[in-house]
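Work through the exercises below with the structure open. Try each task before reading its solution.

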Amino acid sequence: MTAIDSASEVQAAESVKTPDLLGPWALMWRQFRRHKIAYFSLFIVGFVYFVALFGEFLSPADYLKTNTRAPFAPPQGIHFLAPDEDGDSRFLLHARGLKMEIDREAMRRHFVEDPEKVIPLGFFVKGHEYKLLWLMPTNRHFFGPIDPKQKVYFLGADRLGRDILSRIIMGTRISMSIGLVGVAVSLIVGVSLGGISGYYGGWIDNLIQRVIEFLRSIPTIPLWMGLAAAIPLDWPPLRTYFVVTLIVSMIGWTTLAREVRGKFLSLRHEDFVVAARLDGLSDWEIIRKHLVPSFASHIIASLTLAVPLMILAETSLSFLGIGLQPPIVSWGTLLKEAQNIRTIIEAPWLLIAPGTTIVVAVLALNFLGDGLRDAADPYAN
Amino acid sequence: MIGFILRRVLYMVPTVFLVSIVTFIIIQLPPGDYLDTLAAEMGEAGADNTAVVEQLREQYGLGQPIYLQYWKWMSGILLEGDFGISFEKNLPVTDVIWDRLGWTFAISLLTLGFIWIVALPIGIYSAVRKYSVGDYVATLLGFIGLAVPNFLLALVMMYVAFKYFGQSVGGLVSPEYLDQPWSWAKFANLLQHIWMPVFVVGTSGAAALIRIMRANLLDELYRPYVVTARAKGMSEFQLLMRYPVRVALNPFISTIGWILPTLVSGEIIVAVVMNLPTTGPLLLRALLVQDMYLAGSLILIVSMLTVIGTLLSDVLLAWVDPRIRYQ
Amino acid sequence: MLTKRKWTTLASVIAIAVAGQAAAWEEAPQLAEQVAAGSLPPVDERLPAEPLLMDVIEGPGEYGGTLRRAILGGGDQHNMVRTIGSDNMVRWSPDWSEVRPNIAKSWDVSDDASKFTFHLREGMKWSDGAPFTADDIMFWYEDVFSDAALTPNKDSTFVGPVGPVKISKIDDVTVEFDFGAPNGLFLQALAYGFGYHATAYPKHYLSQFMPKYNDDVQALVEAEPTVGDWVQLFNLKAGPMDTPLFWQNPDRPTLHAWHLTNAYGATDRVIAERNPYYYKVDSQGQQLPYIDRITYDQVEDVETILLKAFNGEIDYMLRHLGRPSNKASLTDNMERGKYGFFDVGDLPANIMILMMNLNHTDPLKREVINNKDFRIGVSHAMNRQEVIDLLYFGAGTPAQTAPREGSDLYKEEYAKQYTEYDTDLANAYLDKVLPEKDADGYRLGPDGERFTMVFLVADVFGLQYPDAMELIAGYAADVGLDFQIRTTDRSRLIELHTSNDFDAYLWNCSGGQADAYLTPICYVPTISNSVSWAREWAAWGVDPSTGEEPPQEVKDIFDTYNQVRSAATPEAQKELMQKVLDMAAEQFFTIGMVQNDPVFGIARNNVRNVPNPLPIAGQLWFPAPYTAQMYFEGGTNLP
Amino acid sequence: MSETILEVRELTKTFGAASGGLLSKKTDGFVAVDSVSFDVLRGETFGIVGESGSGKTTLGRCILRVHDPSSGSVTFTPKEGEALDLADAPLDQLRKAWRKLRMIFQDPQASLNPRLRVIDVVGQALQKSEGLKGKALAERVGGLLESVGLRREFMHRYPNAFSGGQRQRLGIARALSTNPELVVADEAVSALDVSIQAQTLNLLQDLQEEYALTFLFIAHDLAVVEHICDRVAVMYRGQFVEVAETAALFGTPRHPYTRALLDAVPVADPRKRRRGAGAAEPVDVGAPTKGCRFAPRCPHATEICQTTRPPLRNISGADVLCHFAGEI
């Protein structure tokens, strides 16, 4: 048994500064806010989910609407000053129209901005019909051309003349929910199996450990490919999507189960758990009151870190052509569609826009998870 | 210790057996078989050689029930070390895979080295100077490494190499060296090419390891013994190297265990994009066309190597840190 | 009683004339060295007595250089088939208009077109120097083609209207093919890719794998780890040319201009070296081929081929590169890669066809799909011009599945019927079949449920088909039809449609030009790996005890097409074929979308004698018969 | 006062022993507690001293059944109710016994869940055993806090808001919450500053009188033991080498190990401790020896000590485990 733990003295000294009633969550929050980037990331992640929720409202155009006059149209800038009849500049939020020329020999379209053609832009404009939050039918959109017949491509258009911005926005819903659903599945399976494994130990622990070891020793991509190829073709896209999510979450739960097991193993012999047992608490009560709260914060951090993994896993699946089916759009499918030399040369925005989106979202989620993990155990040091 | 190793080795047997069965099921999961693929390719020529296809089905024994096929495969491996044949290449699987496994290993080892070399100093720096500008930069770079899908990175890097360096793209050596015997010039040419896949495959692993290293080191840095040692006036560097780094090295040893499956999986797509002569494209192709003995054997071998790698890292860990043995 | 029609081309006359002065033959410096070293017989001993004087495209060329290409790691054997493999008894002219001598120096045809006598070249040799004679053809005929174990089903090229061909040897250089009944299309068929069989089985090499010729064949079986008996061994050593098998056995002697030195799939680079015994010469007496070797560098991703082309690492290629979507970036890099474009007449009957299952197992769907008004309605709902603008840069015309403008069999109404984009008209037709709609505006089937069709698409040619299908589903929705998209890989698609387990799918179809005669798969129900729209009827057509009896109109099509096959003269063939097409157009089996404009290939700037335009088709394995006369100006690759 | 509250017989605890199954060979494991027997009388304070790793903490935990003993019996006799062998009692009976048999932990930091408020930590056993909630619970916890010298209002704070000494008071309050009869105090003050140690020990003594408690006091600090205990057992490598009245033990130590311990005591000069008779020479703790366990470190060891296990001898009221007890 070790002698005086100097850390506890440090803690005691610190605790003088700590307000009396500051609970563990409040402490965590304080700690978390110190991690500036993580704190900032929280807002980004919040914003991304906001986008996912209000996708139709935020997208300026119908993400499935093709346009023969705009394949590979480059991103259009937003301009503030437009000439009026007298030739003077006045403030007008607008975009400039695109002139298209077809080069049939090279099979290519050239687009030139036409400063003469002014497309006024506005907020809360009319556009295509949709149901806000799956409930309220409306045709209002946050931002876009005031005349619904005009088309403006803020982030450019894809090979079929579809608006990339709108596609990214609508893909947000799929990609971010794949992360969430996948993580939820991992959470349930991982925590229960890891918990059982760690708390009871013995043969059942051994069995679960072997299963995990076995799953981890199979390379993921063949596993995914086999499973994805077994999905019947006549399933509707939504069901396929759900199954793809489940497949992706196969990678998550083993890691989580290991973590939970480790936590259980180390906590099982902690004095406060022993004390609780001596206080007469049952196993279940100990798990509920003492163990789960003790590692909940760690789990939350791990989950936050798992979401980006899921998002990236989905892009890999899409790359292999076994991911989501059109007309469902995800960041992964957008990236896959742009994964060719022709795009890099002719329409780099098709790669840059969804690529940046993925990187930013994954970065934010990672920083958030990182901050949560640092803050997870306010008593650790 | 010997008992521990023995026990772990014995545990491997059911695991590998299970892997072989599941592998076989996975490759049988997609409907159809190799000959449907072949028929599809032949259809391109406008030929409808259903007769040829049926004849080959007989030749490859694909008409048999699945358990018989499994038995044939397994008994071949166990009794004669015969992994079956590759339908598409019409060669014994063993003739096809060793070269590629060699390259996979070479790239994996280089990648492992790359990951370690990058992750160790950055991880230590990041932990010691927690929340410093350097830490933020390292963290940012690390996370960007994690966030960029590696096939995207592969394509962009290839394009950049082509566009701005005029390098011949694809493969590990330039075309003029392809059928040359090994020479210094060819080796130098190999070095010019190989860093790219190693970098692309290694970034996400390095990023992950930086995070782990930082976290573990942070845990260790505030332990009482470190505080005590510091109080005794040990220099910061000595102090670090003496204990915390050693303890925090555990995850580095663990990487040996997971590096192979991660690399094989992560490398598949990169290898396809970059045309590497590794197992990745071979496996992907075998899976796509359902060249089942080839695909099955590759997965089996990779899985076995993984199990061995895990064992190796566990043994190393137990050797470094005996507490682990009893857990 | 045979009245012979003599087909002798100018070329062979000249060839005979030149043959008198053997010393006139020239050979590649590479070969001359070997002759000088004594490792190769002199050129006049290697060439047949009457070599084929090749009708080169621009002019005689110079020796040297390596034709560099790229090949995918798997499933890309046609890369070699179409550059080396197609060198048959007879060949199509470079413009695909007439059949010319090739391995056979001439032939006679009986008046009723039931018997074909081929005259081979005396002194002709396999790539290993062994003589090629009538015995090799007889070996193939007697021991391979007629052997039930080795050939359970005969290739249709060698099966006439009343059964398989009978071949007899007249003398060492003369063989007779007798079909027992008129088979007017045989010479055409023999000139297409699958005519290769008769001249691809060297007896001196392959007979060792047969117990009939080799008592000790079991030893060879045991030495080969992948086979169990001599049949499997023989199949392994003598695989069909359109499978990887053929290209995995570099030991097998051929009559091709280049011969593989290593097996496809086993290494990073497949190399084909010049065949020193090749039987073609140019007008200056130079033995072909001009180019020393062909290399196929193995890549895994088609994107890399594009980068290689930009880098000038590809000398001549259309495969994988010649897609409209690549044109712009290839144009941008022309100077860097030092290459130019040539036209490729890859002009099928239609490049995008809605194939609906007329023999659907669900009686409800079958009833709807078999209603011609339904198909007409769908056809009018399609905005073909938009598809062409978006996916093909406007390079194509709206059309049905039909022979193309410029071909013998073209008729405007075949191509243009129901192609007008008119949703009102579409709705009028569809209202006759599915008048009821649900709350979302989708039409209800006869059972009162929403009428849904699942369309399968394979993403084999990039995203072309999946993209098109998204557009098509949109047009269908505009007229109240629920078309669902399922993207899958090609082999699964084939597996589903060949097992008659599908609603509909999107594919293309050959038969746009002269190949309509031999591959009328979209005009006559046929058992096919690529096209299925009435599988049960097709099965009945082959054997009435199987499949399902089709309606009388379809039976009439079968009958008429059989008459085409047995017609003796081109005039009669054309007239009857036109009748088949009339009836097929009336039936309106499939809904075509687009007939494309010619596509393109690239050749580096110093590659000469490049066929331009180059016709290709499913069975027309070009440019293989014309690769031997291509050459590098300056005798070497451009740097 | 002579009533026995706890009777421990031949208690043994072995770690890591395996019977040799399919996948493992037979191992003897490490014997942490080796056949220990003793009685604790109601109302007394029984001390157990020994170095780290001598097995005293394991012994305490085996008595409470935190660890399952490998063999032996632990008979607990409460004032009311039947005597119970804790070593193989079923869980429901154990839970009842745990109300009368409580524990104070060495590390107050580790034994108080930082995520729970004081009221929930100290009152946990009450909530469970008596179903107390709300005001009633607050009342009881408030009383307990006051009795350990803390302010009533502290019950709404989290443990991290307290100093080390205060936390140990919380631990004590928690142990007292169910009106126990026997309290196992495992190094209860060793984590505290010396000044606070004294305060805490005084508190414990006060509480012993107030609640009529029996203490089983485990410590490595001889001064503390001498101050508070009535009888003391000296533990060395899993065995009691000497059990005696406190005054006797400190006055005339019989066992060479006890002597070595006492020699090492002078706290003022830490260097002297190092010179104690062999006390600091590390010996592989797990290796079983044939003879006396202390023999390798004993200045008086002879041939017999190496080969034969010493018997337990009673010499003038003290039980001593030594061949030469009474002679040296």
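The exercises cover one interface, two annotated spans and one residue.

This is a predicted model, in which local features need pLDDT of at least 70, side-chain atom pairs count only at pLDDT 80 or more, and totals for chains, interfaces and linings use all residues. Residues are numbered from 1 along each chain as its sequence is written, chains are lettered from A and ligands numbered from 1 in the order in which they are written, and side-chain values use heavy atoms, with hydrogens and water left out.

**Exercise 1.** Describe the extent of the interface between chain A and chain C.

Solution. Begin with the residues: 33 from chain A and 32 from chain C take part in the contact (heavy atoms within 4.5 Å). Next, take the area: about 2,900 Å² is buried between the two chains, 57% of it on carbon and sulfur atoms. Buried area is the accessible area (1.4 Å probe) that two parts lose on being put together, summed over both. On the chain A side, A:Met107, A:Leu233 and A:Ile341 lose the most area to chain C, together 25% of what that side buries.

**Exercise 2.** State which polar and charged pairs link chain A and chain C, and which elements of chain A take part.

Solution. The rule finds 4 salt bridges across this interface (a side-chain nitrogen of Lys or Arg within 4 Å of a carboxyl oxygen of Asp or Glu). One of them joins A:Arg108 to C:Asp332, at 2.9 Å from N to O. Now turn to the elements (DSSP runs numbered from the N terminus: helices are H or I of at least four residues, strands E of at least two). Those giving two or more residues to the side of chain A that touches chain C are β3 (108-132), α11 (331-338) and α12 (341-346). Of these, α12(A) gives the most, with 4 residues.

**Exercise 3.** Is A:Val260 buried or exposed?

Solution. Locate A:Val260 in helix α8 (residues 237-268) of chain A. A:Val260 counts as buried because its relative accessibility is 0% (buried is under 20% relative accessible area, exposed over 50%, partly exposed in between; 1.4 Å probe, protein chains only). Beyond its neighbours within four places in sequence, A:Val260 contacts A:Gly190, A:Val191, A:Gly194, A:Gly195, A:Phe295 and A:Ile299.

Technical notes
Polar contact = N/O pair within 3.5 Å; in protein donor to acceptor, adjacent residues only side chain to side chain.
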